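Work through the exercises below with the structure open. Each task is followed by a solution in steps.

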Amino acid sequence: MADTVSVTRQDGVAVVWLDNPPVNALGHALRQPLHAMLEKLRADADTAAIVIACKGRTFVAGADISEFGQPPKAPSLPDVIALLESIGKPTVAAIHGNALGGGFELALGCHYRIAAPDARVGLPEVTLGLLPGAGGTVRLPRLVGAREALGVIVSGKPVNAEKALALGAIDAIAEGDLVAEAVSFARARAEGGGPHVPVLKREEKIEAARNDLDAFEETAKAATANARGLTAPLRCTEAVRNAILLEPSQALAREREMFVELRDGEESAALRHLFFAEREAVKVEGVGKDVAARPVRHVGIVGAGTMGGGIAMAFANGGMRVTVLEVGDEALQRGLGQIEKNYAGSVSRGSLSEKDKLARLARIRGTTDYTDMSDCDLIVEAVFEEMGVKRKVFEKLDEVARDGAVLASNTSYLDLDAIAAFTKRPSDVVGLHFFSPAHVMRLLEIVRGERTAPEVLATALSVAKAIGKTPVVVGVCDGFVGNRMLAARREENEALLLEGASPSSVDKAFTDFGWPMGPFQMVDLAGLDISWRHRQSQGLTAPVADSLCELGYFGQKTGRGFYRYDEGARKPVPDPFVEELIEAKSRELGIERRAIGAEEILERTMYPMINEGARILEEGIAARASDIDVVWVNGYGFPRGKGGPMFWARRHGIDKILARLEYWHGVTGKPVYRPARKLVEAAAAASW
Ligand code: 3H9
């Protein structure tokens, strides 16, 4: 194995090269030799200055996240940075690619930072349920100001080189060869004679923050307003406040304590699980690195409704040319008009510039003529969810699409293999199940049909990455992973109401758990008429929901549903009329009402959903339990800090879930509680 740390020398400047592929994470294998090398160079009279640079595609992307569950090994990263900061000669970080988390903290331990024009720096620890634990919360405020640092730390979002320079987080952007420029910068500083003040000793910005604490608190309040039950953003704020109020050594010690506490807690375990889960999800059986994706530059979308329009925007946002097809001109203009309106909304909210809006709109054109799709590399069907309609579209696409074009369906329930069979090229057909609004939601279920070719899957995965989606490959079944489990989750909704719960008590159990909203708020948002139509087509009934629909109470859009909504408002207000209606239904059906607590509500909604997840694994519809977690966190609002349903089940106790499913199966006899074989096995193994 090549050395992870090596040195080259140019005119008295030592360049310390770090080489730990793929992302130079600061695992023990890098920390130890780096520490030893820095000690050596500190003492070396022939070294006038030091540059830290990285081999490979990036600077250091952070601490090695996979080490966090293991016993710590010295030297720690704070030790390495403290040593770096004790060096009296100028030290310069030469940043290309990403300097993130511990990587950026290492750079903050240097006197100076120079970045390549396309480099990014940031402290994304919060996204892993952590805070920067190697001095980032104490050093960054000293460099860029406390409020600015707080923005970077609590959002976790990296900033580009230009912004970093404007903030003062870096000293220069290299114009040519990064390392050569860093070397001459270091040499000039060495010749200048100093003093070279470590970032930790710079007090000016801290002093300013100390004199305007109210402004800091205001920024802190805004920054954590969306913390949604997560602890890490609050600790990040506390750490930056400490940086203002405490001595640097005390602030560092407190930062370390809070880091260790978060690292050893449930929230970070869950978020780290998701970090690796999202990266695992793109590793798909039969689609190795040798399978090349087909290039996709021009995308066709059939259908300009809400879904089609959102999908068109997603591709245009990703820089692709898009042709949207509707059958009639009126529907087409309506669809295109909605797209324009959505972009205008982003501009007025400040999340998109006018220039970018125009560039994106310029990539989208409308047509009513299928032959305009003949040079598309990928065509996504987003028409009405009915097999006869899909058939017509796919037969037409089969006629007009060029050889090698990928034909995708956005179906959320229907049999993809049946859809593929409408064409003479089933191996080119794949499911691309977007979630509404498609230009916003990150999840993309990629449905692998029986005959979908590996390079078609590779194309779907690569396109997903290009448009910033989080893909999960799933097999063909009714509702795929997400909607199938959702159906299991809502199976007992009506029974809970009839036996004694209220819409708001059920929803509260969900929001207390961390979901953004409960199932009845969700139905009100989506429209009760949609599930009513679905029930009618299946010959099913739901006494409470059906009665509401018969009264024309379809949820938010009609101002009444399971809740009441004041004119123009979205806040659900419990409706005594609905509660009376539920009680009347219970009487009518001879059901004795009783108090139903939050625990029972979770047992009768989330446990069946996890049980369905186990069935999905059993049938091979999802390749791994972690894929199911990625689906639920990114597409259905499962609280990120709990890691997804299957991760949560493992931490909570699969055996406990099994026992309660058996109990409820005994009480009700309902199939939704019958434990899946995979769940029984997993309960014994305490793992999926
Ligand atoms: C931290 O630094 C704490 C400190 O404050 C305090 C310490 C005391 N560790 O994402 P990719 C793997 S917390 C271990 O597909 P890209 C990744 O799993 C850390 N492994 O590439 C994948 O493995 P595989 C703060 C890591 O080009 C491979 O590298 N830092 C780490 O799309 C390629 O990754 C962060 O949160 C890691 N730190 O994106 C940054 N990073 O090939 C985390 C990556 O086996 N990293 N791997 O599936 C990233 O955001 C992206 O990896 C990056 C590159 C943007 C850098």
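Two residues are in contact if their C-beta atoms, placed from the backbone, lie within 7 Å. This is a predicted model: local features need pLDDT of at least 70, side-chain atom pairs count only at pLDDT 80 or more, and totals for chains, interfaces and linings use all residues. Residues are numbered from 1 along each chain as its sequence is written.

**Exercise 1. Describe the surroundings of Gly 431.**

Step 1. Set aside the neighbours within four places in sequence; Gly 431 is then in contact with Ala 408, Ser 409, Thr 411, Leu 416, Glu 445, Ile 446 and Val 447.

Step 2. Gly 431 lies in strand β15. Helices (H or I, at least four residues) and strands (E, at least two) are DSSP runs, numbered from the N terminus.

Step 3. Is Gly 431 buried or exposed? A residue is buried if 20 or more other C-beta atoms lie within 10 Å of its own, exposed if 12 or fewer, and partly exposed in between. Gly 431 has 30 other C-beta atoms within 10 Å, so this glycine is buried.

Step 4. Compare sequence with space. Asn 410 is 21 residues from Gly 431 in sequence, yet their C-alpha atoms are 6.0 Å apart.

**Exercise 2. Find the bridge partner of Ser 409 and trace the sheet around it.**

Step 1. Ser 409 has Gly 431 of β15 as its bridge partner.

Step 2. Extend to the strands. β14 (residues 406-409) and β15 (residues 429-434) pair in the parallel sense, over three bridges. Two strands pair if DSSP finds at least two bridges between them.

Step 3. Write out the order. The open sheet has eight strands, β12-β11-β10-β13-β14-β15-β16-β17, and its pairing is mixed. β12 and β17 (470-474) stand at the edges with a single partner strand each, so one side of each has no neighbour in the sheet. From one strand to the next, the twist averages 25°.

Step 4. α18 (residues 454-466) lies across β13 (378-381), β14, β15, β16 (443-447) and β17. Its angle to β16 is about 175°. Axes are lines fitted to C-alpha atoms, for helices over the stretch in contact, and angles run from 0 to 180 degrees between N-to-C directions.

**Exercise 3. Which residues of α14 are buried, and where do they point?**

Step 1. Check the span. α14 (residues 329-349) has 21 residues and reaches 30 Å from first C-alpha to last, close to the 30 Å expected at 1.5 Å a residue. The expected span is 1.5 Å times one less than the number of residues.

Step 2. List the buried set: Gly 335, Ile 339 and Tyr 343. Seen down the axis of α14, they fall within an arc of 75°, so they line one face of the helix. The arc is that of the directions from the helix axis to the C-beta atoms.

Step 3. Recall the geometry. An α-helix has 3.6 residues a turn, so residues three or four places apart point the same way.

Step 4. Name the packing partners. The buried residues of α14 pack against α13 (306-317), β11 (321-325), α15 (354-363) and β12 (364-367).

Step 5. Turn to the other side of α14. Exposed residues there include Asp 329, Lys 341 and Arg 349. Gly 350 follows the helix, with a positive phi near 85°.

**Exercise 4. Identify the edges of the sheet of three strands.**

Step 1. The order is β5-β7-β8, in an open sheet with mixed pairing.

Step 2. β5 (98-100) and β8 (159-160) are at the edges, each with a single partner strand, so one side of each lacks a neighbour in the sheet.

Step 3. β7 (residues 120-122) and β8 run antiparallel, joined by two bridges. Val 121 stands opposite Val 159 in β8.
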